[in-house]
Structure formats: C-alpha cells, structure tokens
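Hello,

Here is the structure I promised to pass on. Please have a look at it first; my notes on what turned up follow just below.

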Amino acid sequence: MREVAIAGVAMTKFGISEDTCIEMFGQAATGALVKSDIEPKDIEALFLGNCLGDFEDGQAHMGAHIHTALGLPMAAPAFRFENACATATVAIRQAALMVGAGIYDVVLAGGTERVAAMDTPMATRTFAMASNSCYSAPTGITFPGVFAMAAHMYAGKYGMDISSLSEYMAHVSVKNHFHASMNPKAQFQKEISVEKVLESFMVADPLHFLDCCPFSDGASAVVIASKEKAVQMTDKPVYIIGTGQAAGGPVINNPDMTRIKPREVASAMAYKEAGVTPGDIDLCELHDCFTIAEILAIEGLGFYEFGKGYDAAKKGETRLGSDRTVINPSGGLKAKGHPIGATGAAQVTEIVEQLRGESKERQVEGARTGLVDTLGGEFGTVCNLILRSYA
Amino acid sequence: MKHQHLFKDYQQGLENGELIGVYCKKCKTFSFHSSLSCSKCGSMDLVGKVSEKSGTLETFTVIRVAAEGLTPPFIVALVRTDSGFHVMGNLEGIDPSSASMDLLGKQVKISSKKVTRDRYSQGVTHCLSFTLDQ
C-alpha cells in the first residue's frame, strides 16, 4: 500500500437544517474542494455515507444525485455506504484503501444526514432498524436502550452502585459540552452541570436525557489523495497511517456488553498497521452516542484498563489540557451532534484540523497523532482510523 | 446447501410453546436460532433443537422513550438461557418503576407473546417474554 493523505476537510454546522441531505453535502464538499485547491473535475470517485435519506428526504440512490450536483466527471463512480452510525468512517476507510491500492489518486469521501427532518418517534423507529429486525426489534429495544443495558451490566460486573455510575457518566456529558462550547460548528455550544444531567428525564434507565446525543442534521466531506497528489494540494497533509474495521452482529451474539469486541479487533488492526500504541495517541474522537459509550470506548481502545475508565472524565484526564489522551475535543457526538451518516467524517475533520494546529481555543497542544473511533448498530460495526501530521 | 433455520420456523416453535435454538453436532454447543454456523467451533453441521425455557437475567433497561407505535414504559432484558445462548425479550409481571439492579442474576422463565408491528416489520410476531422465577 502506498502512503495516503487527507487534503481539504469541511463540515456544515451541526444542528437543525432546512437543507436536504444532498444540499448539505454539497456545502461540505465544495468547502473541502476549495481547501484542497482543486475542482470537481479532479475527483476520480465519490464515497458517500448516508443511512436514512430514504426516510428523511424521500431520497434513495443519493450518491448519483450528489455526484451530478457537484459536477464530478461521469467516469467517477459514486458509491453510497450504510453501516449505521459508523457509515462515514467506513466510506472514508474504503476511499483510503482504494487510493492506497493505487486504483485512484484523488477521491471525495464523507457523509450527510438529516435526522431532525423526522420527528422523534419516527427517528427512534428508523434508528432501531439497525438492530436485528426479526429478533431484537420486536422487544421495542431502542439505541439508548442498548447502551442503558450495557451501563447496568457494567455496574453489575464491576460492583458499582448505579447512582455512582450515573454521576461518573454525567461527568462525560459535562466534559463534552465544555469542549463543544468552544466549537462554532457544534449543535450545543453551552456548558452544563452534573446536576442538570442527573435532573434530566430518564430516556432508558439509567440513561438520562443529557446522557444521550441529540438528533442532528449535518454533512462533512474530506478529500483523500495519494501522498504525491496531496502535497500539491496542501502544505499540511494529514496522513492516514492505520485503519481497521470489524463486524459483530447483534447483542445476543456479543453478550458481554461491557466489551465491544469488534472495537478491540478493529483498533488492534489500526494500531498494528500504524506501528503505534494507545500511549502514542494525543487525541481521540470516539463514539460517545451515550455517556456510557465513551467509558466503554476509552477502555476498548486501550487508553484505560477494563473497568477503570469510568472516572476518567470526573478526574479531568480526558479533558482539554490533560497530559493524557484528550477525548472528543470537538464536543463529541453528545454535544457537537450526531447526524449519523456524517458523524465519522466530522470526527476526521476535527482530528485533521487539530493536527494542523487550526482548532483555536480548543487546540490540543502539540497534537501529532489522532484516533477516530466510530461504532454502528447494536455493536455490529466498528471502524478506526489513525491520522498523523507526518508520514 | 445446508438446511437453514428460518425465522418462520422459530416463530412456529414459539407458537407451539417451544424455544428453538440450533445445536452443533460436532461440539454440542447451542447457538441462537438464526446462526448458520456454530458460535463456538464454526461448524455448519447444525440441527434445530428445543432449548430450555429458563435462564438468567444478565442485564435490562426500562424504555421510557419508545419508537413510533409503542407505549412506554416497558422493560427489555438480556437473558442467558440454561441451554447456553442469549436471547432478548421483555421482562413482564413487575412494575417498571420498581426495576432495579437487584434484577441482575435473577432466574427467569421464558415464554412468548404476540405483538403486532408496523409496516417495516415481519407483521404479527412472537416476541420473547420473561417472568421472574420465584
């Protein structure tokens, strides 16, 4: 595999949008092209992430429509990816693999999603479609419900009182809102308190409303190129030095919910390819769809031992300014927002800007190496990317 | 092609009051009904077999914000059957407001109920339900 780098990146402000999935991706994509100092005619393929456009905008086959709206060459194929919430990271990984293999030199990847166009019951229903429709969905399980079950299991396994785990989880939310308060692209740009989290209504016991990411609209796009091409587009290429992806299937087949095994497999793959260890990672954008999910992720990615990650946020170890790996400096899914098919590309955008030293007041000082972690479904897909500011 | 254990077979089993799993002829491990290979050894030499209808509750949640068409609150639980595979279902017979961590490790009986679901589903479906074995 040859060396692969990221040139321009861009994202829309996450939140509620009146624009369609196609229009939002157009804004992100043109932004990424301008920052790469190239034009649509220079793109050789489109790797587009989108989960639920069929329900959101009544729009299937979105890749081809976006392709033509952007004016990409007819010979540049357009692919649509769907891997639940890991969608855009999977699209970007496939793009990187194709460029690394020498099939293409310059491609466009990313994702778009307009979840808030659906009301909450319909959005909850369509999200639940990512659980097994025959064997899980008839129980009425929801995604907050899946992670709520993981939280109860975590407390039981490690002998914790559920009220103390709830407080530790609340600190994750508070930390991510603090980070998002400095992010002009975030859906929620204000700080919250532990008390506010614990006073918010219960969505799925023990997860409160403010333990949960919001429904969001947004898009994000990245230009991926061979090293030779990337250095012509930017003086700050960010290199994709390791990737991993693994699949797992429904919870009944992965019943220890405190250990998301596909993450352990995918991240081991990425660390090995990159030749780095968790201790080398300066910052990480990871899948905090719910506060317990961040705790499970910092353990599964090797930043903490299993059963030891619960108090990292409370102790400030994952907060901006910490000398350990800073977790979700963008505000994460929790506060930056979670337009599911776009999320992975926005995580990549944050890491790229951080590694270029462009993140202003939320800059992680001296950041050289960053990790992207995105999880889809009831633990069915995990995709990891390791990015570095030098080859 | 190997015999496939279809959803309709699983549903027919529940209609008859039986929970059907798949059983590995090689390593004698039960896997969940939809598995096409053994969850332990990977063999495709599986047969449908009636499972124990008892098990241990490993975790749960109370759903308070539900998908379109469902009325919360209700309890969803993960149970390890005494045959060794895991199933998801609804814990019934207790008030959701009284559900607590004390439920973890409790023995349950497994049965099923018919639920009518929306257009994006398999229609009327048997869904597993659990009751505490007291």
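In this predicted model, chain B holds an open sheet of three antiparallel strands in the order E2-E1-E3. Strands E2 (30-31) and E3 (46-50) of chain B are the edges, each pairing on one side only. Strand E1 (residues 20-24) of chain B runs antiparallel to E2(B) and is joined to E2(B) by two bridges. If you want to find one of these on screen, look at Val22(B), whose bridge partner in E2(B) is Ser31(B).

Taking chain B as a whole, you will find one helix and eight strands, and along the sequence they follow the pattern α-β-β-β-β-β-β-β-β. The C-alpha trace of chain B spans about 45 × 35 × 25 Å along its principal axes. A compact globule of 134 residues would have a radius of gyration near 14 Å, and the 16 Å of chain B agrees with that. Of the 134 residues in chain B, 36% are buried. Among contacts in chain B with a separation of 6 or more, 49% are between residues 24 or more positions apart.

Now to the nonpolar cores. The largest has 168 residues, and those touching the most other members are Ile92(A), Val107(A), Phe147(A), Val222(A) and Ile224(A). Helix H6 (residues 143-157) of chain A gives the most to this core, with ten residues. Chain B takes part as well: domain 1 (7-50) and domain 2 (54-132) of chain B both give residues to the core, so it lies between them. A second, separate core has five residues, including Phe14(A), Ala180(A), Ala186(A) and Ala335(A).

Val222(A) deserves a look of its own. Apart from neighbours within four places in sequence, its contacts include Ile6(A), Val9(A), Ala32(A), Ile92(A), Ala109(A) and Val348(A).

After H1(A) comes Asp37(A), with a positive phi near 55°.

Enjoy exploring it, and do write back with any thoughts.

Best wishes

Terms used. Residues are numbered from 1 along each chain as its sequence is written. Chains are lettered from A and ligands numbered from 1 in the order in which they are written. This is a predicted model: local features need pLDDT of at least 70, side-chain atom pairs count only at pLDDT 80 or more; totals for chains, interfaces and linings use all residues. Two strands pair if DSSP finds at least two bridges between them. Helices (H or I, at least four residues) and strands (E, at least two) are DSSP runs, numbered from the N terminus. A nonpolar core is a set of buried Ala, Val, Leu, Ile, Met, Phe, Trp, Tyr and Cys residues joined through C-beta atoms within 7 Å. A residue is buried if 20 or more other C-beta atoms lie within 10 Å of its own, exposed if 12 or fewer, and partly exposed in between; C-beta atoms are placed from the backbone. Domain bounds come from an automatic or database domain assignment. Two residues are in contact if their C-beta atoms, placed from the backbone, lie within 7 Å. The radius of gyration is taken over C-alpha atoms; the globule rule is 2.2 Å times the number of residues to the power 0.38.
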